[in-house]
Amino acid sequence: MTDLTLYRNIGIFAHVDAGKTTTTERILKLTGKIHKLGEVHDGAATTDFMVQEQERGITIQSAATTCFWKGHRFNVIDTPGHVDFTIEVYRSLKVLDGGIGVFCGSGGVEPQSETNWRYANDSKVARIIYINKLDRIGADYYRVVKQVEDVLGARPMPMTLPIGIEDNFIGVVDLLTRKAWVWDNSGDPMNYTIQDVPADMEGLVEEWREKLIEMAVEQDDDMMEMYLGGEEPALEDIKRCIRKGTINLDFFPTFAGSSFKNKGVQLVLDGVVDYLPNPMEVKPQPETDLEGNPTGEFAIVDANRPLRALAFKIMDDKYGALTFTRIYSGTMKTGDTILNTFTGKTERVGRMVEMHADDANAIDFAQAGDIIALVGLKNVQTGHTLCDPKAPATLEPMVFPEPVISLAISPKNKAGAEKMGVALNKMVKEDPSFRVETDQETGETILKGMGELHLDIKVDILLRTHGVEVNIGKPQVAYRESITNRVEDSYTHKKQSGGSGQYGKIDYTIEPNEVGAGYAFESVVVGGSVPREFWPAIDKGFKESMVKGPLAGYPVVDVKVTLREGGFHAVDSSAIAFEIAAKGGYRQTMPKAGPQILEPIMKVDVFAPDSHVGDVIGDLNRRRAMIKSQDTAPIGARIKADVPLSEMFGYIGDLRTMTSGRGQFSMEFSHYAACPKSVSEQVIKEAQERKKALDAEK
């Protein structure tokens, strides 16, 4: 068995353009995994292997690779930074033990950094921080350290300080050893010398070193006493305390560097070994029953226990369908039979591979702590648990957000229809935040996703990867409907036409539920006026009706139905009669309950150069934005606002025009809010016109 103390399962995550992928390239070079560096801006980065990634210079799907540093095995996942692909970050963090949060030395803590940090907090992933791009104009290491405190509410623990800044950035000081690592300008990461601390930095180094040791000894009372008594603990003891605090999420060791200039990355790798947990030091995954309720059992990382593994990513490539899997306990060998607890079906492990971006090395054995890919599993999807059929258990499932934007597509020719169906089926398996539906009325195929870029990439993949040309409709906003008033009502379904009839009477209340609570049903019937066995049918009738709202046919959210009274007939009442009564009651009462249209509101973060801030804010106001804050950055301003999604289509083009190509923005879904009357009327009018057009076609 492999020594698990030498394992590190880590992810690299950050905002777009903070340098995650470049950092991954440097790690692979330093660990001897690759011999020639590929640059993101040349479209040659190892882990950005999709055509779309190489063209756009962004990471779209997380890539996995394995490498070794100082006798330790790193399973590394490079994740996307763009907000439309946060699902990749979320599901990667679910299976990692540690992470490297990369921040741009000039951009600082950007909106996507906040989202990723929140995901990492939710998953309780220990992290070290790497402040990158300190060679850039406007870079300021100490400002970013302060932002981590203020914006993320985290405690950074600077381990290294930069020597020089911007064009004069030449290396870093290791605070623990009081040694300066200085690189030459050859660009070779191995061309460095270890020197004494520059004379002009001695005071600064002592000040920050003192802060570091004070934070570290908080983890050990004896060492705290020793330190307060004037005695400095041994270096190994300090490191042990830092490791303990990092794993407990009390603080986050923070490193300085420039990946592109190959300066500072070695100390980050040493930090991974010294401070991030091995698989056995992380709290074990809780096991649940099939309904998702905790059983009180845990998947303890131990090769001798029954198999527990989580499929966290499905990918279709030249090797076939790959299921990326994290093994939590037990072992897996080729030829083994494993149980998928979600489907209740067993599958045979055919090929197992260790991934290096899009290359695969076949293996025939894996154990607790490993991240591997299984080739050719049939019915496994993201979030499914794979386990020992003799000792079944389910791991905590993943929860994915609802899409906020949709797009109608149709194949350009009949031959493409079948091809498109197969391709979309594969794409849905790969990405749980991407949905495909068929509009029952129009027969159109509707793609649903997290943003314009998300759907744009999907259409591009259809064309390039699967060779399917499609006609594309206009992007549609995923509106919702809800109600504002409480209404008490009654409905009787009665049908008599020879033989046994149908009878169901319900007295009920329909009222607004709490925001975000969704649909809820409750029965307060006493005395049997509606027998208990018919309650589920009434619930089903109302629930199924909520798919179409009374105003424009959008799904209804945040509504509570309470069954108060009713009546039944000993012969003519049945579950179907009460279900029909509920559907009739819904149609009768919803228009009386003050229905309203809700629209998705996006959290938008815009960077604008100083000279264009006024134009950008004016434009956002025209888009019905609610400006939340405006912060001055070194070379411009960051504006945070809540803006309706319907107003943000095509925004990137407008922003570039306004700012001469220098503006940037990101947005993510925030919440649903009621539409203004004018917008609501327009949405209802468009829905009526679509219905008329459909009726005319029929």
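Q285 stands opposite A299 of strand β13 in this predicted model, for which local features require pLDDT of at least 70, side-chain atom pairs count only at pLDDT 80 or more, and totals for chains, interfaces and linings use all residues. Residues are numbered from 1 along each chain as its sequence is written, and side-chain values use heavy atoms, with hydrogens and water left out. Q285 belongs to strand β12 (residues 285-288), which pairs with β13 in the antiparallel sense over three bridges. Two strands are taken as paired if DSSP finds at least two bridges between them. Helices (H or I, at least four residues) and strands (E, at least two) are DSSP runs numbered from the N terminus. The two strands form part of an open, antiparallel sheet of three strands in the order β13-β12-β24. Its edges are β13 (294-299) and β24 (394-395), each of which pairs on one side only.

In total, the protein contains 16 helices and 38 strands. Of its 698 residues, 54% are buried, where buried means under 20% relative accessible area, exposed over 50% and partly exposed in between (1.4 Å probe, protein chains only). Among contacts (heavy atoms within 4.5 Å) with a separation of 6 or more, 71% are between residues 24 or more positions apart.

A second open sheet consists of four strands with antiparallel pairing, in the order β7-β8-β9-β10. Strands β7 (160-163) and β10 (192-196) are the edge strands, each pairing on one side only. On average, neighbouring strands of this sheet are turned by 25° against each other, direction ignored; axes are lines fitted to C-alpha atoms, for helices over the stretch in contact, and angles run from 0 to 180 degrees between N-to-C directions. Within the sheet, β8 (residues 171-174) and β9 (residues 179-183) run antiparallel and are joined by four bridges, and V172 has W181 of β9 as its bridge partner. Helix α9 (residues 265-275) packs on the sheet, where it touches β7, β8, β9 and β10, and its direction makes about 130° with that of β9.

The largest nonpolar core comprises 72 residues, and those with the most contacts inside it are F74, I100, L212 and I242. Such a core is a set of buried Ala, Val, Leu, Ile, Met, Phe, Trp, Tyr and Cys residues joined through side-chain atoms within 4.5 Å. When residues up to four places away in sequence are not counted, I100 touches I10, G11, I12, F13, I27, I128, Y130, V268 and V272. Apart from this core lies another, of 47 residues, which includes Y554, V616, L620 and C675.

Strands β33 and β34 run parallel and are joined by four bridges, with E522 opposite T562 of β34. In α12 (residues 535-545), the buried residues are W535, A537, I538, G541, F542 and S545. Their cover includes β32 (502-512), β33 (520-523), β34 (559-567) and α13 (575-589).

In helix α15 (residues 651-658), Y651, L655 and M658 are buried. Viewed down the axis of α15, these buried residues fall within an arc of 65° and therefore line one face of the helix, the arc being that of the directions from the helix axis to the C-beta atoms. Elements covering them include β35 (595-609), α14 (613-622) and β38 (664-674). S660, which follows α15, has a positive phi near 55°.
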